[in-house]
Amino acid sequence: MLASAGWGTSTGTLLNLELAPYGASFGVDLGYTWPVGFRLGAYFSNSLGQGVLQHRDPRIGREYDFTADSSSLNGGLSLGWDVPLHAL
């Protein structure tokens, strides 16, 4: 089992939107490695991010307010093969 934690910050803009996609992040990686070296696992991570209130005034149409929320949730399966250092 592997646990992870971290912190990040926004690195840019997209189409003149202010994004705050990073903040505290937490994750876990669970798996099993057989004696022959094969590993099967699963991972899950959650980045909290935050919402940023923004205002748009387009050239055509009405102006409007919206919240750009850029948190993320990831998960998946992992396959691996353990190579012992003594084999190198």
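Me: Let's start with strand pairing. Which residue is the bridge partner of F44 in β8?

Reply: First, a caution: this is a predicted model. For pairing, look for bridges; two strands pair if there are at least two between them. Here, F44 has G75 as its bridge partner in β8.

Me: Which other strand pairs with β5, and in what sense?

Reply: Strand β4 does, in the antiparallel sense. β4 covers residues 24-33, β5 covers residues 38-47, and nine bridges join them. One example is G31, whose partner in β5 is G41.

Me: What lies between the two strands of that hairpin?

Reply: Four residues separate β4 from β5. G37 has a positive phi, near 110°.

Me: Now the overall fold. How many helices and strands does the protein have?

Reply: Count the elements, then read their order. There are zero helices and eight strands. From the N terminus, the order is β-β-β-β-β-β-β-β. Then look at contact range. Of the contacts between residues at least 6 apart in sequence, 46% join residues at least 24 apart.

Me: How much of the protein is buried?

Reply: Burial is judged by relative accessible area, and under 20% counts as buried. By that cut-off, 15% of the 88 residues are buried. The exposed surface comes to about 7100 Å², and carbon and sulfur atoms supply 60% of it.

Me: Is Q54 buried or exposed?

Reply: Q54 sits in strand β6 (residues 51-56). Its relative accessible area is 7%, so Q54 is buried. For a polar side chain, ask next what it touches. The side chain of Q54 makes a polar contact with the side chain of R56, at 3.3 Å.

Me: Which residues form the nonpolar patch on the surface?

Reply: To find such a patch, look for nonpolar side chains with over 30% relative accessible area that lie within 5 Å of one another. Here the patch consists of Y32, W34, V36, F38, L40, L79, W81 and V83. Together they have about 860 Å² of accessible area. The elements giving two or more residues to the patch are β5 and β8.

Key:
Residues numbered from 1 in each chain as written. Predicted model: local features only at pLDDT ≥ 70, side-chain atom pairs only at ≥ 80, totals over all residues. Heavy atoms only, no water. Buried < 20%, exposed > 50% of the residue type's maximum accessible area, 1.4 Å probe, protein only. Contact = heavy atoms within 4.5 Å. Areas by Shrake-Rupley, 256 points an atom, 1.4 Å probe, with all protein chains shown as cover. Patch = residues over 30% accessible without salt bridge, like charges linked within 9 Å, V, L, I, M, F, W, Y side chains within 5 Å. Salt bridge = Lys/Arg side-chain N within 4 Å of Asp/Glu carboxyl O. Polar contact = N/O pair within 3.5 Å; in protein donor to acceptor, adjacent residues only side chain to side chain.
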